[in-house]
Amino acid sequence: MKIMGIEDITEDGTGEEAKGAENFVQSELFARTFREGMALVEETANYLDGEGRDASKELPRETALSYAGASMRLTTQLMQIASWLLVLRAVREGEMVLGEASDDKYRLIPGEAASVKFKSEGLPERLVALIDAAHQLYNRISRLDAELFTGEAAPVEKNDAAAQQRALLKAFGGR
């Protein structure tokens, strides 16, 4: 995948994706998203190293295993968010060119956050809240990533009754 640089933009308007990405990394929206993402990473690290560690020691064995799995998935997801944000900050600060930042190895996978299901019953409310916040941020950044680097809007996760009915019909052989 290649994002066109400024030199690739012609007078007829092609290269809008590159202009959009370059504008985005210089925008206040990116700056706010960066601060939000890094704050969530820090908040989660502080929780898992302090209050969360203490809370996990009080959990029954089965719930403690769910806690461990959920915290590992949360940490992985936040690392992906932080990586994406840091790559775009490098573009913003001129340390990386946009074409390099558009490489597939820096892309987020839309819907990956949604595919992870965990048993939240019995988990500390604070952990569940951090998981929800990371999930929402990941989905938002994933949509931005798709729009900026492929020129397509990422599919929006739908969890309405009609979507659930279609999934049930599909699972049980219906159309």
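This is a predicted model: local features need pLDDT of at least 70, side-chain atom pairs count only at pLDDT 80 or more; totals for chains, interfaces and linings use all residues.
Local features need pLDDT of at least 70, side-chain atom pairs count only at pLDDT 80 or more, and totals for chains, interfaces and linings use all residues. Residues are numbered from 1 along each chain as its sequence is written, and side-chain values use heavy atoms, with hydrogens and water left out.

View 1. Helices (H or I, at least four residues) and strands (E, at least two) are DSSP runs, numbered from the N terminus. The order of elements is α-α-α-α-α-α-α-α. Of the 175 residues, 37% are buried (under 20% relative accessible area; exposed is over 50%, partly exposed in between; 1.4 Å probe, protein chains only). The accessible surface is about 10800 Å² (Shrake-Rupley method, 1.4 Å probe). Carbon and sulfur atoms account for 52% of that surface. Take the contacts (heavy atoms within 4.5 Å) between residues at least 6 apart in sequence: 71% join residues at least 24 apart.

**View 2. Helix α2 (residues 28-49) packs with helix α7 (residues 125-149).** Their axes come within 11 Å and cross at roughly 155°. Axes are lines fitted to C-alpha atoms, for helices over the stretch in contact, and angles run from 0 to 180 degrees between N-to-C directions. The angle therefore makes α2 roughly antiparallel to α7 (over 145 degrees; under 35 is roughly parallel, 65 to 115 roughly perpendicular, the rest oblique). The crossing is left-handed: the near helix is turned anticlockwise from the far one by less than a right angle. Residues of α2 including Gly-37, Leu-40 and Thr-44 meet residues of α7 including Leu-130, Ala-134 and Leu-137. By class, this contact has 9 nonpolar, 3 polar and 4 charged residues (Ala, Val, Leu, Ile, Met, Phe, Trp, Tyr, Cys and Pro are nonpolar; Asp, Glu, Lys and Arg charged; the others, Gly among them, polar).

**View 3. Helix α2 also packs with helix α4 (residues 61-92).** The axes lie 10 Å apart, at an angle of about 150°. So α2 is roughly antiparallel to α4. This crossing is left-handed. Phe-30, Phe-34 and Val-41 are among the α2 residues in the contact, and Leu-74, Leu-78 and Leu-85 are among those of α4. The contact has 15 nonpolar, 5 polar and 2 charged residues.

**View 4. Thr-33 lies in helix α2.** Is Thr-33 buried or exposed? Thr-33 is buried, because its relative accessible area is 3%. Not counting residues up to four places away in sequence, Thr-33 touches Leu-85, Leu-137 and Ile-141. Thr-33 is listed in the contact with α7 and in the contact with α4.
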